[in-house]
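Here are my notes on the model, as numbered points. Please read them with the structure open.

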Amino acid sequence: MKSGIKVRDAMSKNPVFITPNSPIASCARKMLANNVGAILVKEKNKLLGIVTEKDIVEEVVGKELDIKRIKVKDIMTKGMVIIGPDVDLMKAVEVMNKEDVRRLPVISNDLLIGILTVRDVLRAQPSLIKKLYEMVFIKKK
């Protein structure tokens, strides 16, 4: 099944970035200021990882670590699942489901050109809500 919509047409074209040596407190403030649930970690135009609000809660708050001492690089997820801009949106949802992720960095010619989130998918193709519901709720059981 295809949606007829390409990832490039649904993705967020201006993802929020942070450097790996930034303090986690700065990362959290940047997430709040930009109303995002994740920040891509980049250094010298190279994508290194991603930090999500879940990472901060589980790895810092849940373990009662000193927020002033923890850096982004200490908790970021490396080896992210990525996707190309010309992939059909339905295929992207299948990748999200299979890999159990809610965000996919979009790479073209080895360059980061955006990020596709569950929110982007719903905005572009509301009819995919059932598939996303299955991904988020049914898979967890």
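**Notes on the predicted model**

1. Helix 2 can be read in the same manner. Within residues 24-34, Ile 24, Ala 25, Cys 27 and Met 31 are buried. Because they cover an arc of only 160° around the axis, they sit on the same side of helix 2. Arg 29 and Ala 33 are exposed on the other side. Strand 1 (17-18), strand 2, strand 3, helix 3 and helix 4 (72-75) are included in what covers the buried residues of helix 2.

2. A general point bears on both helices. An α-helix has 3.6 residues a turn, so residues three or four places apart point the same way.

3. Now the overall layout. The protein has seven helices and five strands. From the N terminus on, the order is α-β-α-β-β-α-α-α-β-β-α-α. The chain comes to 141 residues, and buried residues make up 41% of them. Among contacts with a separation of 6 or more, 57% are between residues 24 or more positions apart.

4. Which residues have the most contacts inside the largest nonpolar core? They are Val 7, Ile 83, Leu 104 and Leu 116, in a core of 15 residues. At least two residues of this core come from each of helix 1 (7-10), helix 5 (89-99), strand 4 (103-108) and helix 6 (118-124). Helix 5 gives the most, with five residues. Apart from this core lies another, of 14 residues, among them Val 16, Ile 18, Ile 24 and Val 72. In soluble globular proteins, nonpolar side chains tend to be buried together.

5. Ile 83 deserves a separate look. Leaving aside neighbours within four places in sequence, Ile 83 is in contact with Val 7, Ala 92, Val 95, Leu 104, Pro 105, Val 106 and Ile 107.

6. Is Asp 120 buried or exposed? Asp 120 is buried, because its relative accessible area is 2%, and the cut-off for buried is under 20%. This residue lies in helix 6. Not counting residues up to four places away in sequence, Asp 120 touches Ala 10, Met 11, Ser 12 and Ile 115.

7. Next, the largest pocket. About 930 Å³ of space lies in it. The lining has 33 residues, of which Gly 37, Ala 38, Thr 52, Arg 102 and Arg 103 lie nearest the centre. Two or more lining residues come from each of strand 2 (38-43), strand 3 (46-52), helix 3 (53-61), strand 4, strand 5 (111-117), helix 6 and helix 7 (129-138). Helix 6 gives the most to the lining, with four residues.

8. What is the make-up of the lining of the largest pocket by class? The lining has 15 nonpolar, eight polar and 10 charged residues. Arg 102 and Arg 103 are among the lining residues nearest the centre.

9. Asn 35 follows helix 2, and its phi is positive, near 55°. Glu 64 has phi near 55°, a positive value in a residue other than glycine. Asn 109 has phi near 50°, again positive in a residue other than glycine.

10. Where do Glu 64 and Asn 109 lie? Glu 64 is in the loop between helix 3 and helix 4. Asn 109 is in the loop between strand 4 and strand 5. Glu 64 counts as exposed because its relative accessibility is 73%, the cut-off being over 50%. Asn 109 is exposed too, with a relative accessible area of 73%.

Terms used. Residues are numbered from 1 along each chain as its sequence is written. This is a predicted model: local features need pLDDT of at least 70, side-chain atom pairs count only at pLDDT 80 or more; totals for chains, interfaces and linings use all residues. Side-chain values use heavy atoms; hydrogens and water are left out. A nonpolar core is a set of buried Ala, Val, Leu, Ile, Met, Phe, Trp, Tyr and Cys residues joined through side-chain atoms within 4.5 Å. Buried means under 20% relative accessible area, exposed over 50%, partly exposed in between (1.4 Å probe, protein chains only). Contact means heavy atoms within 4.5 Å. On a 1 Å grid over the protein atoms alone, a cavity is a set of points where a 1.4 Å probe fits but cannot get out, and a pocket is an open set with protein on both sides within 12 Å along at least five of seven lines; lining residues have an atom within 4 Å of a point. Grid points are joined across faces, edges and corners, and a volume is the space filled by probe spheres set on the points. Ala, Val, Leu, Ile, Met, Phe, Trp, Tyr, Cys and Pro count as nonpolar, Asp, Glu, Lys and Arg as charged, and the others, Gly among them, as polar. The arc is that of the directions from the helix axis to the C-beta atoms.
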